[in-house]
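Here is a short briefing to read with the sequence and the 3D view side by side. Have both open before you start.

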Amino acid sequence: MAIRKPAWLEALNSQKFFVGCSTHESAKKNEKNICCLDCCTSICPHCLTSHRFHRLVQVRRYVYHDVVRLEDLEKLIDCSNVQAYTINSAKVVFIKKRPQSRQFKGSGNYCTTCDRSLQEPYIHCSLGCKVDFVLKQKKDLSAYLRTCDWLQLSPDFLAHQDMGDDENNETPRSTVVDEEEAMGSSSGSSGSENPTLGCTEFIRKKRSGLYGYSRSASSISNEDMETSISRRKGIPHRSPLC
């Protein structure tokens with residue numbers, strides 16, 4: 001008996017991903033970006049406890065279309081001649097046929113189903129295009145399907161989900177504050193002996209070009225500092241920052 005499409009392949013093609021999970025509607029990060037091949041449904045990371053012993057595939061998004069890692073799909077079905085793309089150091093394959101704004105056939109390869117221009121030596125632009133082509137030509141997918149009893153998510157995906165929001169909520173430190181603190185720590189011991197030196201070094205960093213590096217710090221008086229600062233247009237008069 002000819003096998004048309006397995007249930008998991010139909011689910012991968014028909015389920016909606018990157019929408020909110022109705023089961024965990026009030027939870028954070030509740031986008032459905034996982035496909036349970038045994039239940040033939042899309043789930044979110046909060047649903048993993050109910051599907052931990054099932055075959056799972058992570059669905060990603062690339063240029064507004066759903067993709068799956070080539071390494072995962074190769075365990076389920078023959079993906080030869082399907083053009084793969086690289087995102088985040090991982091090769092991925094488009095699940096569905098993508099619409100085109102205009103039809104164009106160049107001199108190179110093009111998809112056998114949707115006429116999309118491809119690189120050599122590929123002839124299918126997505127898994128869906130290859131499946132449609134095989135069913136049209138041979139009426140049977142059994143020669144391309146592979147037995148896979150165990151398929152789990154990558155450790156990187158699980159580690160990313162376990163990370164808290166503390167990283168995202170951290171306020172980056174100002175580079176100006178860091179520079180001032182570095183100046184304070186570097187001149188901590190010498191500041192009590194010669195405070196003018198620490199002040200002069202800081203002003204040289206903050207207002208480049210006020211003093212030549214050939215001049216010594218001891219020869220710069222407070223009057224010279226005020227005169228040099230007042231020469232800068234648009235800068236209000238202010239006391240030295242010592």
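Is Cys21 buried or exposed? Cys21 is buried, at a relative accessible area of 4%; buried means under 20%, exposed over 50% and partly exposed in between, with a 1.4 Å probe and protein chains only. This is a predicted model, where local features need pLDDT of at least 70, side-chain atom pairs count only at pLDDT 80 or more, and totals for chains, interfaces and linings use all residues. Residues are numbered from 1 along each chain as its sequence is written, and side-chain values use heavy atoms, with hydrogens and water left out.

**Around Cys21**
- Cys21 sits in the loop between helix H1 (7–14) and S1; helices (H or I, at least four residues) and strands (E, at least two) are DSSP runs, numbered from the N terminus.
- Beyond its neighbours within four places in sequence, Cys21 is in contact (heavy atoms within 4.5 Å) with Asn30, Lys32, Cys44 and Cys47.
- Between the C-alpha atoms of Cys21 and Cys47 there are 9.0 Å, and 26 residues along the chain.

**The sheet**
- Six strands form an open, antiparallel sheet in the order S2-S1-S3-S4-S6-S5; two strands pair if DSSP finds at least two bridges between them.
- Strands S2 (41–43) and S5 (85–87) are at the edges with a single partner strand each, so one side of each has no neighbour in the sheet.

**Strand S3 and its partners**
- S3 is mostly covered, with 5 of its 7 residues buried.
- Antiparallel S1 (residues 34–36) and S3 (residues 56–62) are joined by 3 bridges; Cys36 stands opposite Leu56, and Ile34 opposite Gln58.
- S3 also pairs antiparallel with S4 (residues 65–69) over 4 bridges, and Arg60 has Val67 as its bridge partner in S4.
- The hairpin of S3 and S4 has 2 residues between the strands, and Val63 there takes a positive phi near 45°.
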